[in-house]
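Let's walk through a structure together, one feature at a time.

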Amino acid sequence: MMKNILVTGGAGYIGSHTVVELHNAGYEPIIVDNLSNSSITVLQGLKNITGKEFPFYQIDCNDKEALRSVFKENKIDGIIHFAAFKAVGESVAKPLNYYENNVGSLMTLIRLMKEENVSQLIFSSSCTVYGQPDQLPVTEKSPKKVAESPYGNTKQICEEIIEDTTISDKNFRAIALRYFNPIGAHPTSEIGELPLGVPNNLVPFITQTAAGWREELTVFGDDYDTPDGTCIRDYIHVVDLAKAHVKSLDFLNKHREVSFDIFNLGTGNGNTVLEIVNSFEKVTGVKLNYKIGARRSGDIEKVYADVTKSSEGLGWKTEKTLDESLLDSWNWQLRLTKP
Ligand code: UFG
């Protein structure tokens, strides 16, 4: 039975919400984070929600000996590996940073896991591995496409490294979770997304614009082959996403015969950018300043998940609506002070 779960990137957006859900389900999370794209204040948010102070280590996952000390001080039963860089555009400008941080840290972690006899891993992957799918919705069997960016490539490579390890070592067992577009925040507004600088992602850009931090949102293109011409994505509430990690640990516990598996984590619904804007205005009552601009290079026209496998395999499905997600994003934004 797994109990102590090392959460790398546990102070980050998805990591912190997963720490809460692990705690709620009776697991004991141990957080490792180098705080390169997260804040120490998240720990207070976690304490306010759960009443608990979780073990926290400010360590870079590429630092094998520092990471080893965490294994020595705690009996680790399983690992959820979130820690990674995630900005698509930045990865094009600084590919080596992405390969070193995302691929390097996974290699370090797996080597350490083998040395310290920890054999169960959940990995944060992305729907980016599908590129622009030929058929929608995308299933886990849909072919992977040539990565659009070094970031996307790191996710593909990491999945392959993990699968190869499970083939070579029958004790090593892992699950890759392919996230669609996480949005929202904890309903208590104690934790949420903390983008550094100008947000790349749609929903933080919307909430910052609505809050007056940004002048206007640019909708990247309205001439796509979709009902209103704007791109389609599958937006999933981060708490629903977090719960799927707990279900994945339960799955590894229950299905000892499984050495490697992959699950899509989305809602199964696609929404256009303008639908997101309209829903945001409806649930918050705030008018959003936006304009239609040029397409963003590298954007996928439409992608959304087939969630049959995750709902049947993990016994998991999303519970929150798009409106709830956007409202939670907004309530979180209202807690933030402009840097
Ligand atoms: N968008 C805008 N204006 C903005 C920001 C985004 O119109 O200011 C649009 C984008 O063009 C896209 C949609 O909003 O159509 C969503 O964009 P995001 O940047 O929020 O999300 P992406 O789907 O492009 O990227 C996300 C993750 C990546 C991951 C990718 C996989 O951020 O890490 O999904 O498809 F690689």
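Q: Before we dig in, what are we looking at?
A: This is a predicted model, where local features need pLDDT of at least 70, side-chain atom pairs count only at pLDDT 80 or more, and totals for chains, interfaces and linings use all residues. Residues are numbered from 1 along each chain as its sequence is written, and side-chain values use heavy atoms, with hydrogens and water left out.

Q: Which residues come nearest to the ligand?
A: A residue is near a molecule if one of its heavy atoms lies within 4 Å of it. Here 20 residues are around the ligand, and Asn201, Leu202, Thr218, Arg233 and Asp299 come nearest. By class, that shell has 10 nonpolar, 6 polar and 4 charged residues; Ala, Val, Leu, Ile, Met, Phe, Trp, Tyr, Cys and Pro count as nonpolar, Asp, Glu, Lys and Arg as charged, and the others, Gly among them, as polar.

Q: Which strand gives the most to that shell?
A: Strands (E, at least two residues) and helices (H or I, at least four) are DSSP runs, numbered from the N terminus. Strand E8, residues 217-220, gives the most, with 4 residues.

Q: How far is the ligand from the side chain of arginine 233?
A: Think of a polar contact as a pair of N or O atoms within 3.5 Å. A polar side-chain atom of arginine 233 is 2.5 Å from a ligand oxygen. For asparagine 201, an N or O atom of the side chain sits 2.7 Å from an oxygen of the ligand, and for tyrosine 151 the value is 3.5 Å. The protein buries 90% of the 680 Å² that the ligand exposes when taken alone; such areas come from the Shrake-Rupley method with a 1.4 Å probe.

Q: Which residues touch the most other members of the largest nonpolar core?
A: A nonpolar core is a set of buried Ala, Val, Leu, Ile, Met, Phe, Trp, Tyr and Cys residues joined through side-chain atoms within 4.5 Å. Buried means under 20% relative accessible area, exposed over 50%, and partly exposed in between (1.4 Å probe, protein chains only). The largest core has 35 residues, and Ile5, Leu22, Leu46, Leu249 and Leu265 touch the most other members. Elements giving two or more residues include strand E1 (4-8), helix H1 (13-24) and helix H8 (238-254), and H8 gives the most, with 7 residues. Apart from this core lies another, of 29 residues, among them Ile161 and Phe260.

Q: Is leucine 326 buried or exposed?
A: Leucine 326, in helix H11 (residues 322-335), is buried, with a relative accessible area of 1%. Contact means heavy atoms within 4.5 Å; leaving out residues up to four places away in sequence, leucine 326 touches Ile183, Val203, Ile276, Ser279, Phe280 and Val283.

Q: Which peptide bond is cis, and what about phi?
A: Most residues other than glycine have a negative phi, and most peptide bonds are trans. In this model, a cis peptide bond joins leucine 136 and proline 137, with omega about -5°. Proline 137 is in the loop between strand E5 (120-126) and helix H6 (150-168). Leucine 35 has a positive phi, near 60°, and serine 189 also has a positive phi, of about 60°. Serine 189 lies in the loop between strand E7 (181-183) and helix H7 (202-210), and it is buried at 9% relative accessible area.

How values were computed. Polar contact = N/O pair within 3.5 Å; in protein donor to acceptor, adjacent residues only side chain to side chain.
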